[in-house]
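Reader: I would like to learn how to read a structure step by step. Could we look at one together?

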Amino acid sequence: MKREFVCIECPRGCDLTAETAQGGVIVAGNFCPRGKMYAEAEMTCPRRIVTSTVRAAHGMIPVKTGGEIRKEKIFEAMARIRALRVDRDVRQGEALSADIDGEGTPLIAAASYRNGER
């Protein structure tokens with residue numbers, strides 16, 4: 001299988017071509033090693049950091065995953081995020097869920113929240 005990508009690892013935005021072969025993935029067009037690693041990951045197991053918000057008693061709390069999650073698990077993770085409700089004070093960087101994707105990736109508060117104040 002052959003695919004083309006624009007690398008997002010740095011501002012250069014290299015046009016990459018990746019093709020699966022017997023020994024792995026052949027990548028062309030990358031300026032740096034990060035482009036090669038990006039294309040290989042996109043071909044074998046694409047992952048993303050997810051950002052969203054969680055409902056709180058008096059507003060919303062911005063959140064993000066504590067690492068990249070498998071692309072195919074994003075909808076499952078979003079369903080869990082939508083189900084969360086917070087009715088307490090939260091500090092920026094605090095984990096609101098220890099395992100949002102079923103693989104141990106935490107969901108982290110991106111801002112502090114004081115219950116009753118917004």
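Author: Let us begin with a term: a nonpolar core is a set of buried Ala, Val, Leu, Ile, Met, Phe, Trp, Tyr and Cys residues joined through side-chain atoms within 4.5 Å, where buried means under 20% relative accessible area, exposed over 50% and partly exposed in between (1.4 Å probe, protein chains only). This is a predicted model, in which local features need pLDDT of at least 70, side-chain atom pairs count only at pLDDT 80 or more, and totals for chains, interfaces and linings use all residues. Residues are numbered from 1 along each chain as its sequence is written, and side-chain values use heavy atoms, with hydrogens and water left out.

Reader: How many residues does the largest nonpolar core have?

Author: The largest nonpolar core has 17 residues, and those with the most contacts inside it include Val 54, Ile 61 and Ile 81. Helices (H or I, at least four residues) and strands (E, at least two) are DSSP runs, numbered from the N terminus. Among the elements that give two or more residues to this core are β5 (51-56) and α2 (74-83), and α2 gives the most, with four residues. Apart from this core lies another, of 10 residues, among them Cys 7 and Leu 16.

Reader: In what order do the three strands of the open sheet lie?

Author: Strands of a sheet pair through backbone hydrogen bonds, either parallel or antiparallel; two strands pair if DSSP finds at least two bridges between them. Here the order is β1-β2-β3, with antiparallel pairing, and the edge strands β1 (2-6) and β3 (24-28) each pair on one side only. Five bridges join β1 to β2 (residues 15-21), and Phe 5 stands opposite Leu 16 in β2.
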